[in-house]
Amino acid sequence: MTNVDQNPFAALLQLGTKSDDVSHKLVEEVLLFTLNKARSVDGTNLLCLADVVVDTSDESLSEDLVAHALFERLMLNETAQYSSGKASAEALEVRAICYLHGAYTRCEQIQAAQKVNCSTVIALILNNASTCMRQPDLFAPQSFASQWLELFEQADEHDTSTLEFLVRVACKVVEEDEPIEALGALKAIFYPLLTELQKLIVKENLVTIKKNIFWILGFFVRDKRAAVLGELLIDYTTPNPKAKGGDYMDTLLGNLLCISILPKTQGAKYEFFQQISLNQTDPALWAVLARHRDSIFQLVKQLLVLSPETKKKTLHWLANCLDANVSRGHLWSSINLNLEQTVHSTASDAFMTNLSAVLTRLCAPLCQPSLKVLLVDPTYSAVEDKDRLAKGVSLLKAHDETCLLPTQEGEERLTAEKYNFVTEIFFMTHKCFELANRPCLERLSRAMRELQNTQTAYEELVSSDPNNDLTKNLFRTLLEQMQQVLSIRNALSEPTNDSDVLKFFEASAIWLTEVAMLPREVYEQCVDKRDFSPQILRNLELLSDTPPFVAPYMQSVPESIIDNIATYLNFCRRLNSDLYIHLYFSAHDAFFKMILLFMGSSELVKNPHLRAKLAEALEFLLPTQILGSNRQAFNTRVFENHPDRQKVVRSLLNVFVSIEMTGQSVQFEQKFNYRRPMYAIMEFLWTKPEHVQNFRDLATEAEESMEAIEPPIFLRFINLLINDAIFLLDESLSNLEQIKQLQLAQANGEWNNLSHNDRLQQVTNLQHLGMLARFDNILGRDTINILKLLTTEIKSIFCHNSMVDRIAAMLNYFLLHLVGPKKDRFKVKDKKEFDFDPAETVLEICRIYINLSTDNSFCLAVSQDGRSYSDQLFDYADNILIRIGGGQLIGDMSEFAEKVKRMGVQYKEEQELLADAPEEYLDPIISTLMTDPVVLPSSKVTVDRSTIARHLLSDQTDPFNREPLTMDKVKSNEALKQEIHQWIEGKRNEARSKS
């Protein structure tokens, strides 16, 4: 052995006890160096550090000696000079982390194979690795970031030692330093690694991105013992607190979220679907997108479960990101908003739709079959910012959400004691869908409209001059627009995400129904516990329009939850039948019940526009082809089998009426969009006897409640139908008349004398009038069709004295314009372009006449319409019916005409008899003889009961002073009634005595 005086390290040979000793052979096998100079002579593949540390042939070495030797080994820059020339690459490794990792791996292998206790050597390896991490300057110019990156890249799923080494090193750093210093030391090493990784990600797209990127990131989140690594990762990917929405795209997680079928940034070019056809999908691209989203989901999920600190920071990242992008929710609500102003301030569609897909995957436990959605507390959005952190609410400005029911000024909303993760992720996912998918869907709608316009213009040009430069430019535009439409549509309808979204919205619909129908006694228990989640699935039956008890927390349920579901169902209408909803039948029941409950009740949803949107969503569930949709017939039985199906008619009429009762000005085009799906649903319901019976029951209920405080729903409904029909026909005929004049001027060459700008203006006017006429004609035809269907089974309410004059006058007015002497005023070129089918409308009107012809009061009302009726009216109609093939209808109308004429003659004689009625016997509004006079309470004016009843259907005020008025407040003027009746009888007796 070497003398102590010759080498200071020789003293270490005499120190320590047997328990501290390390086998020299183990040091050689694990650390790949020896302290025995004699071994180097044998041509071993080890390094010999006898000259650097101490020369010894002892079989056991003290722990301190091995520690010093290992440290000296790490400090060597030229390892080859300590080798006999046969040393392995592992023995010659100069990079400290790579060398220590190799030593750790060999140690684990030896320990496992030979059952040798290597704990002392492992501890020494970890101590030195910790020193490398905490004091990297000792090992300059080595880059530990690049060494760790290489280790991660070389590892695979069978290699557990790299992860174990990383975890134990990280734990050692935390153990040896204060938490903040330890985190700082780890960041100093790993931030450069993550920066290099981020540079790689930025260059990739959906097809080229390497799988090992997620594998490498997984090292930071795979083991809860080293949760500090996850904390480091989320800190690295978090922008500054004042970051704009677009800044989140520049983070590491943001770079991953930007990789999609869609362009990474909003203004960039589309990469996919360059060789295209309009119905194209790409299953391979879908599969790649699904895998990419799933990889991001796994990463985010691991961050959430790693530790309370990483969970908190990840939720804050998500919440801050959503808040920074909140302006995306307003992006499409204003036509005048300049898109370029928002492109750089908010994240792109690619980023946001991927984030939405990740959050939706996180909501899987909320869905069937576990239905943890029942643990979601509906008061989440009531929490104010000052209480947010204390109650566990991450989402910012949640209390500013527009909710289903309004809150009075100064009113304090209920909140829970604390909010769980399920509640957090539920509301975050809905917020993200609102900010991500809904604007993207609007973009798709606009792109499809633009594409349709371009296609029309291109077809017109190519037929006249296919080689024109304008034609070629238009073709290029057409290809670009098709690429945009296909990219957006494929990104939104990726099958894995589609099924996830559907299941999430099914769970949301179940939750909405459960919270809305929570029994009062259960709610009171919730108040005591300060936890308002439904907890269990009660699945109560819908017994009335509104649940008997509406919990105050409905003031905290955001409208956006219902809006999101309706938006999704309306999106499904636009696509072919390859969506998961066609196969997932349980969702149909959940959506159907939720729609029936909320669509028909203003006590649950104050906003009638949102309820109208639900009617549009309900149309998707019709098992028939939808006008303007690409889908096949939808396979569902909800209208036949759902236990609550009997409520659909009342719910539908409630929302139909509520659109007119908003007190707001509803744009005509908006009303058109609201009404169209409602008519489609009614037409379908009329094919089902039990639903027809529901219409009949509502009509009977209306007749029994004609003077109720609140006019019965069916009466208000048919009153609006008549209002709409009159308005639509007037507008349509007016527009068609103007169109004819413009067409004549164009045909006569009058436009040739106009300037270029004036000619363009005339073309624009013609197109605009055509669009309006088409709207009017489609909706008018639907309105007349519903009136025809209703009058086949329901007659008496249409012939009630408050309604019969209006229906008769409307029909006469329609018929006169369509068959009378002035019908040619509306004879435009290409009627199909404007959906103008006067022959079909005449047939429908005549069918309504015949449906009501058995009622004498209707026939009399037809004859007494001074505005449109004459003895020639039905002669005009006969001529048209013969020409268009009216069949049996021709004979029926002739009989009806005779009856009307006969009753008219009789009534005229009666009126002549009563022509000199005193002024006080006449109705002050319509100047006819009153038969049932009533006194209005505030103005004290006497009018006929039928007149005021008709007025109150659309305006619940006194027509003479605008004071509020309902039918129950009017008082019958019995004395005047008796006086009028006596006067009439006296006149009749006088006439009889003369004859």
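The largest share of the lining of the second largest cavity, three residues, is supplied by helix α25. This holds for a predicted model. By class, the lining of the second largest cavity has three nonpolar, four polar and three charged residues.

A search of the whole structure returned seven cavities of 30 Å³ or more. The largest cavity has a volume of about 160 Å³. Its lining comprises 16 residues. Leu729, Asn777, Gly780, Arg781 and Thr841 lie nearest the centre of the largest cavity. Helices α28, α29 (756-793), α30 (804-819) and α31 (838-852) each contribute at least two residues to the lining of the largest cavity. The largest share, five residues, belongs to α29. Eight nonpolar, four polar and four charged residues make up the lining of the largest cavity.

Two or more lining residues come from each of α30, α32 (856-863), α34, α35 (945-952) and α36 (974-994). Helix α30 gives the largest share of the lining of this pocket, six residues. The lining of the second largest pocket divides into 14 nonpolar, ten polar and eight charged residues. Helix α30 also supplies at least two residues to the lining of the largest cavity.

The nonpolar interior was considered next. In soluble globular proteins, nonpolar side chains tend to be buried together. The largest nonpolar core contains 311 residues. Within this core, Trp148, Phe598 and Phe714 touch the most other members. Helix α28 (residues 713-747) provides the largest share of the core, 16 residues. Trp148 touches Ile97, Met133, Phe165, Leu166, Val169, Ile189, Phe190 and Leu193, with residues up to four places away in sequence not counted.

Helix α5 (residues 96-114) was checked for its span. At 1.5 Å a residue, its 19 residues should span 27 Å; the end C-alpha atoms are 26 Å apart, so the two values agree. Just after α5, Lys115 takes a positive phi of about 50 degrees. Tyr99 lies in helix α5. Its relative accessibility is 2%, so Tyr99 counts as buried, the cut-off being under 20%. Contacts of Tyr99 beyond four places in sequence are with Leu31, Phe33, Leu70, Arg73, Leu74, Glu90, Glu93 and Arg106. Tyr99 and Ile718 are 619 residues apart in sequence, and their C-alpha atoms are 86 Å apart in space.

With 63% relative accessibility, Ala915 counts as exposed, because the cut-off is over 50%. Along the chain, Ala915 and Glu690 are 225 residues apart, and 49 Å separates their C-alpha atoms.

Technical notes. Residues numbered from 1 in each chain as written. Predicted model: local features only at pLDDT ≥ 70, side-chain atom pairs only at ≥ 80, totals over all residues. Heavy atoms only, no water. Core = buried A, V, L, I, M, F, W, Y, C linked by side-chain atoms within 4.5 Å. Buried < 20%, exposed > 50% of the residue type's maximum accessible area, 1.4 Å probe, protein only. Helix = DSSP H or I, 4+ residues; strand = E, 2+ residues; numbered from the N terminus. Contact = heavy atoms within 4.5 Å. 1 Å grid on protein atoms, 1.4 Å probe; cavity = no way out; pocket = protein on both sides within 12 Å on 5 of 7 lines; lining within 4 Å. Points joined across faces, edges and corners; volume = space filled by probe spheres on them. Nonpolar A, V, L, I, M, F, W, Y, C, P; charged D, E, K, R; others polar. Expected span 1.5 Å × (residues − 1).
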